[in-house]
Amino acid sequence: MRGRLAPLVAALALLTGAGAAAGAGRADSGGLTFAGCVASHGSGCARSAVPLDGASAVVVSRDGRSVYVSGFASGTVAGFSRGKGGSLRPRSCIAEAAVAGCATAPAGTLAGAAGLALSPSGADLYLAAAEADGVVRLSRGGGALAFGSCTGTAAGCLAPSVGAPAGSASGDTSAGSSATGTGNPLTGAAALALGPGGSDLYVAALEAGAVTWLARGADGSLTPRGCLAFGRSYGCKGVPGASLVGADAIAVSPDGKNVYVASFTSAAVVELRRRPSGALIYRGCIAEGGADRCRQLPKGSLSGATGLAVSPGGD
């Protein structure tokens, strides 16, 4: 496990209870009450035959009938059918190692299974693989998971050659047209967010300190289009200061006009403007103590930032 990823994994392990997916009922007052859980080991939960060690992300289908969970330490993705009251029943899974009843993914592609994003149609499930330094597309034919394709440095994956030439003007802070850079802006890929209608996929990469823009084809395939990174690394366009260092959470506003990124290491939240084309432009940031030329927040207010959510109204 890489050093920079360790704080993120430890926090997720504490919240998920040793490889468990928990269910909670929401009381009328808005409070939560425990309803049940599924775990690959431990006691008190329904047992999952699929390893869920380091359960790190959950996504629910639009119709509310399917739930998917990624296992960081086990390199797995498990799918569940969601019944009345939120109960979960195992349905499908995919893993690198041989797991009974699971589809098999190419070696090295699911390592560090982290962020998940489900396409609007539900046909494609995307996975950020932090230790594989890439993004994987899984198909959901008939509800069963199957390996589709990958973008990254693992064997057989599409190379993540994105960004602007390293010699581009420092004042240009938009993730625009693709160009070959040095290195991989998907290193430590941690979180995913889809643009409006699923036209684009955005990736926050913790170790790279970068945000990558991937255009999504009608068949669900991904094409690298651009990136933003600290110091214009990897051939990406740059952002002021180190506000993207440790980028590990990302969210798109409901109107599709803005993308927000939380950075664990720099204790910052970065605001990016999204063009109609899907390209991203740096707009500003907030950070503890006003570091990295960001608007100032009190010390300790953003320490260990690991998640983001935008209100339905975008306020």
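Predicted model: local features only at pLDDT ≥ 70, side-chain atom pairs only at ≥ 80, totals over all residues.

Mentor: Happy to! Leaving out residues up to four places away in sequence, Leu272 touches Val211, Leu228, Lys257, Asn258, Val259, Val261, Leu280, Ile281, Tyr282 and Arg283.

Several of those names come back when we turn to the nonpolar cores. The largest one has 23 residues, and Leu272 is listed among those with the most contacts inside it, together with Val211, Leu244, Ile250, Val261, Val270 and Leu280. At least two residues of this core come from each of S14, S15, S16, strand S19 (247-252), S20, S21 and strand S22 (280-288). S22 gives the largest share, 4 residues. As general background, nonpolar side chains in soluble globular proteins tend to be buried together.

Val211 lies in S16 and stands opposite Ala204. Strand S15 (residues 200-205) and strand S16 (residues 210-216) run antiparallel and are joined by 6 bridges. Both belong to an open sheet of 5 strands with mixed pairing, ordered S14-S15-S16-S17-S18. Strand S14 (189-194) and strand S18 (237-239) each have a single partner strand, so these two form the edges and one side of each has no neighbour in the sheet. From one strand to the next, the twist averages 25°.

Next, look at the loop between strand S20 (258-263) and strand S21 (268-274), where you will find Ser266. Its relative accessibility is 14%, and because the cut-off for buried is under 20%, Ser266 counts as buried. The Ser266 side chain reaches the backbone oxygen of Ser243 at 3.0 Å. Apart from neighbours within four places in sequence, Ser266 is in contact with Ala242, Ser243, Leu244, Val245 and Asp292. Leu244 takes us back to the largest core, where it is among the residues with the most contacts.

Finally, let's step back to the whole protein. Its secondary structure comes to 1 helix and 23 strands. Of its 315 residues, 52% count as buried. Among contacts between residues at least 6 apart in sequence, 43% join residues at least 24 apart. The protein exposes about 13200 Å², with carbon and sulfur atoms supplying 53% of that area.

How values were computed: Residues numbered from 1 in each chain as written. Heavy atoms only, no water. Pairing = 2+ DSSP bridges. Axes fitted to C-alpha atoms, helices over the stretch in contact; angles between N-to-C directions. Buried < 20%, exposed > 50% of the residue type's maximum accessible area, 1.4 Å probe, protein only. Polar contact = N/O pair within 3.5 Å; in protein donor to acceptor, adjacent residues only side chain to side chain. Contact = heavy atoms within 4.5 Å. Areas by Shrake-Rupley, 256 points an atom, 1.4 Å probe, with all protein chains shown as cover. Core = buried A, V, L, I, M, F, W, Y, C linked by side-chain atoms within 4.5 Å.
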